[in-house]
Amino acid sequence: SGASLRYSTGTGGEGSEGEGAGLGSSDSGGSGFSLAATALPERRRPGGGRPRYEVVRELGAEEVRWFYREDRKTWKPFIGYDSLRIELAFRALGSGGGAGEPAAVEPVCVRSGLYEVDVASAESYPVYWNQTEKIPVMRGQWFIDGTWQPLEEEESNLIEQEHLNRFKGQQLQESFDMEISKPVDGKEAIHSLKLSRNHVDWHSVDEVYLYSDATTSKIARTVTQKLGFSKASSSGTRLHRGYVEEATLEDKPPQTSHIVFVVHGIGQKMDQGRIIKNTAMMRDTARKVEEKYFSNLATHVEFLPVEWRSKLTLDGDTVDSITPDKVRGLRDMLNSSAMDIMYYTSPLYRDELVKGLQQELNRLYSLFCSRNPEFEEKGGKVSIVSHSLGCVITYDIMTGWNPVRLYEQLLQKEEEELEESWMSYEERRLLEELYLTKQRLREIEERLHELKASTISKPPVLKFKVENFFCMGSPLAVFLALRGIRPGTSGSQDHILPRTICNRLLNIFHPTDPVAYRLEPLILKHYSNISPVQIHWYNTANPLPYEHMKPSFLNPSKEPTSAPDTESASAAPSPTTSPVMVRRHYGESITNIGKASILGAASIGKGLGGMLFSRFGRSSATPQTMETGKDGPEGDEKKSTTVGTPPLPHSSSGFLEPTVELEHRIDFELREGLVESRYWSAVTSHTAYWSSLDIALFLLTFMYKQDQEETDKSNLDTI
């Protein structure tokens, strides 16, 4: 029929545990069912699993498990807390309204509050972003042995109904054991049920097997039975009633203490769902790291995608209309990606991009706080992770930078130069008149602004204070340099981003990312000769805290243009060079391509790839270095020293003992992989940050820093 059979349970929840009792009384809303526990004799598995009851009765809410399926993959179970609440809503829906109509049920918030489940339509959808594909959810009652995947809901309902009709009230066997499949050889089926493509045999109350009725399965069954094998052992799939784990209210996610807005860069028009997938990868990776390193903390970090590009109109289709037809695919790709940079540098469209991101950040924060009112009360923090051009736009929103300000500075500079130059009496008189007129205009503008400000209080640009601003693969340094920012004499982050706006700025990049640039030399010039801090591998035992790492120096004889013979010389090991770090793949983050494919890409690099990508490397390699194959990249790495090692002894520059140091390090560099080709990495590294375990650990280390310090302090106080 395709319609799910729904049971109006009445006393159908009497098989519940104590955890369900509180849930039933508080959340059922008078829907006609209760999860109150009754004094039933329990029968537990030898392994200490969920309780089983001596008499067959309807499944309790804690025995049912709800599942969801994303991207047409296998069904994944909801955690116990979510599953219990979905089951409550399902039973409230099944109990019906007063006039026999289905009861109105509120959507159930699941998966740490990121999704909601509509029980009536059996679908789940995200709360904070738009998604075209709905996520199907399913109620699991009967499960396949071994995998514990649920049977399809229609078949499961029919089997459950048949099981209750035939066995309700009967005693279960004394030696019940779900873990060991009992031999059913020689046992005849005591009951059978025919389904559309399968049939189910009950050999006893506890022994239920599913058989396929496909022709090939029937032939195989006949042959194996003639050879002496039983029907069940040859082609049957054992089924279990009720999930392997009981759903409890204690199985709930920790409270969110820190939210991270993930901002995309260029190319989002080309693939609108890309930032959602990238954020999901980052979230899943962070969950693994949280379980391994931060499981002792009672809070957790939540990642929310910020998709700001799709809502913008910009020029409409004007650029598309002037695009020639030849090589259309490549042109469309450039229009959808690189064109965003041109839009941002255009005075006509720049404000639209800035406002688009600003409004989306504020919308997400307001929505999150409305759904989590205790977040602000308990001092919840906000960080931003931006990628590529998103770093520049986020920076401009936080600082309020505007090209008009730059234009005003330019005019002021021209006025100063004019005053110093020789002029005739008439020119000077006109210039003074112009200066007075401009001054009067500024006064009028200020008075008008004050009048507007007194009637309308201008809201802050962002509704929250940014704790950490993480830039990934960021060209921000280039934009700042082109705006006239030059190195200063103070080692403070305030030189480029005041601490009052953002507590900490961190710039993460892969060494071969062609879009990424360093920020530290914009604060103190001599840091161009100090290597970035190397990010720890996620599985490093007892890593040195980042704040305790001492600067290590790059080769001082290296010129900015990197002469080829310099690299050849530094590639050879010498007594003066520091130990080189063992090169490994960093958190499996660059590609999932096999070693053979990567080495193949490296061999291509000898020819045309060498010419195409040589400018993306740190320095140009000589033909001799290229011919050495794998030794070339490894030798090239030897010119940088291990973080925490003393400076190079043969350094003769004045950089060895700088008078000023940075308050905090800003540039952090991922380690290169063992088998990755630099030419291949130049193409892939810019988009390889999302699934890196190293980056996930790095982000969480800084975001959990205060929580960990408080936990350590309380532990010390206890001791």
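Helix α10 (residues 350-371) packs against helix α12 (residues 389-399) at an angle of about 80°, their axes lying 10 Å apart. Those axes are lines fitted to C-alpha atoms over the stretch in contact, with angles running from 0 to 180 degrees between N-to-C directions. The two helices, α10 and α12, are therefore roughly perpendicular to each other, a label for angles of 65 to 115 degrees. On the α10 side the contact is made by Arg350, Leu353, Val354, Leu357 and Gln358, and on the α12 side by Ile393, Thr394, Asp396 and Ile397; contact means heavy atoms within 4.5 Å. Sorted by class, the contact of α10 with α12 has 5 nonpolar, 2 polar and 2 charged residues. Here Ala, Val, Leu, Ile, Met, Phe, Trp, Tyr, Cys and Pro count as nonpolar, Asp, Glu, Lys and Arg as charged, and the others, Gly among them, as polar.

A word on the model itself: it is predicted, with local features needing pLDDT of at least 70 and side-chain atom pairs counting only at pLDDT 80 or more, while totals for chains, interfaces and linings use all residues. Residues are numbered from 1 along each chain as its sequence is written, and side-chain values use heavy atoms, leaving out hydrogens and water.

| Helix pair | Angle | Axis distance |
|---|---|---|
| α10 (residues 350-371) and α12 (residues 389-399) | about 80° | 10 Å |
| α6 (residues 274-293) and α23 (residues 693-703) | about 65° | 9 Å |

Helices α6 and α23 are therefore roughly perpendicular to each other. Met282, Thr285, Ala286, Val289, Glu290 and Tyr293 of α6 meet Leu693, Ala696, Leu697, Leu699 and Leu700 of α23. The residues of this contact of α6 with α23 divide into 9 nonpolar, 1 polar and 1 charged.

Stepping back, the protein chain has 24 helices and 20 strands, which are DSSP runs (helices H or I, at least four residues; strands E, at least two) numbered from the N terminus. Of its 719 residues, 45% count as buried, meaning under 20% relative accessible area with a 1.4 Å probe, whereas exposed is over 50% and partly exposed in between.

Two loop residues deserve a look too. Most residues other than glycine have a negative phi. Ser112, in the loop between β5 (108-110) and β6 (115-118), has a positive phi near 60° and is partly exposed, at 29% relative accessible area. Asn542, in the loop between β19 (533-534) and α17 (564-571), has a positive phi near 50° and counts as exposed at 78% relative accessibility.

Notes. Angles under 35 degrees count as roughly parallel, over 145 as roughly antiparallel, 65 to 115 as roughly perpendicular and the rest as oblique.
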